[in-house]
Amino acid sequence: MPTYATAEEYLDYAGQPGPADIDRRLTRASERVDELLTNAIYDTDEQGFALDAELKKAMMQATCAQAAWLIAVGDEFGTASAFKDVSMGSVRLARVDSKDGTAPRYAQDAVSILLRAGFLIAVMTW
């Protein structure tokens, strides 16, 4: 699976360098972008990168936005963000407030970038 952004592109997008493991985080963010584009049809090269320059740029920016969000929330795998309150003594967990009781999986900025570029056709609640 291709990684849609480099550490240098992340630096340009975020205005600051990523953490030491930014390449791995960009790979994880690329996986989320792939999920958002599951039903999109577009031409790719032999490595799996979009041939359309506009889509390729939107995918890079969405990947950077997703990585920045994952870094900011500090929950790359979406486990801790499902809870707004966690206690260990007498175990107390409170779920994040949402319509379906789950935490968001996608950065709203990543979704917006792909929407504005015309590669997502409907606004969805993530």
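Q: What counts as a helix or a strand here?
A: Helices (H or I, at least four residues) and strands (E, at least two) are DSSP runs, numbered from the N terminus. Ser 30, for instance, lies in helix α2. Altogether the protein has four helices and two strands, and along the sequence they follow the pattern α-α-α-β-β-α.

Q: Before we go on, what kind of model is this?
A: It's a predicted model: local features need pLDDT of at least 70, side-chain atom pairs count only at pLDDT 80 or more, and totals for chains, interfaces and linings use all residues. Residues are numbered from 1 along each chain as its sequence is written, and side-chain values use heavy atoms, with hydrogens and water left out.

Q: Where is confidence lowest, and where is it highest?
A: First the idea: pLDDT is the predictor's confidence in each residue, from 0 to 100. Strand β1 (residues 83-87) has the lowest confidence, a mean of 58, while helix α1 (residues 7-14) has the highest, at 98.

Q: Is Ser 30 buried or exposed?
A: Buried means under 20% relative accessible area, exposed means over 50%, and partly exposed is in between (1.4 Å probe, protein chains only). Ser 30 has 0% relative accessibility, so it counts as buried.

Q: Which residues is Ser 30 in contact with?
A: Contact means heavy atoms within 4.5 Å. Leaving aside neighbours within four places in sequence, Ser 30 is in contact with Met 1, Pro 2, Thr 3, Tyr 4 and Thr 63. For the protein as a whole, take the contacts with a separation of 6 or more: 62% of them are between residues 24 or more positions apart.

Q: How many residues does the largest nonpolar core have?
A: In soluble globular proteins, nonpolar side chains tend to be buried together. A nonpolar core is a set of buried Ala, Val, Leu, Ile, Met, Phe, Trp, Tyr and Cys residues joined through side-chain atoms within 4.5 Å. The largest one here has 18 residues, and Val 33, Leu 37, Met 59, Ala 62 and Leu 114 have the most contacts inside it. Helices α2 (22-36), α3 (53-73) and α4 (108-116) each supply at least two of its residues, with the largest share, five residues, coming from α3. Apart from this core lies another, of nine residues, among them Tyr 10, Met 60, Cys 64 and Ala 67.

Q: Why is the aromatic pair called edge-to-face?
A: You describe two aromatic rings by the distance of their centres and the angle of their planes. Rings of Phe, Tyr and Trp (its six-membered ring) pair if their centres lie within 6.5 Å; planes under 30 degrees apart are stacked, over 60 edge-to-face, and the rest tilted. A search of the whole structure finds one pair. The rings of Tyr 4 and Phe 49 have centres 6.3 Å apart and planes at 80°, so they are edge-to-face. Tyr 4 sits in the segment before α1 and Phe 49 in the loop between α2 and α3, so the pair ties together parts 45 residues apart in sequence. Tyr 4 is buried, at 9% relative accessible area, and Phe 49 is partly exposed, at 23%.

Q: Where is Trp 69 found?
A: Trp 69 is in helix α3 and is partly exposed, with a relative accessible area of 24%. Beyond neighbours within four places in sequence, Trp 69 is in contact with Pro 104, Arg 105, Tyr 106 and Ala 107.
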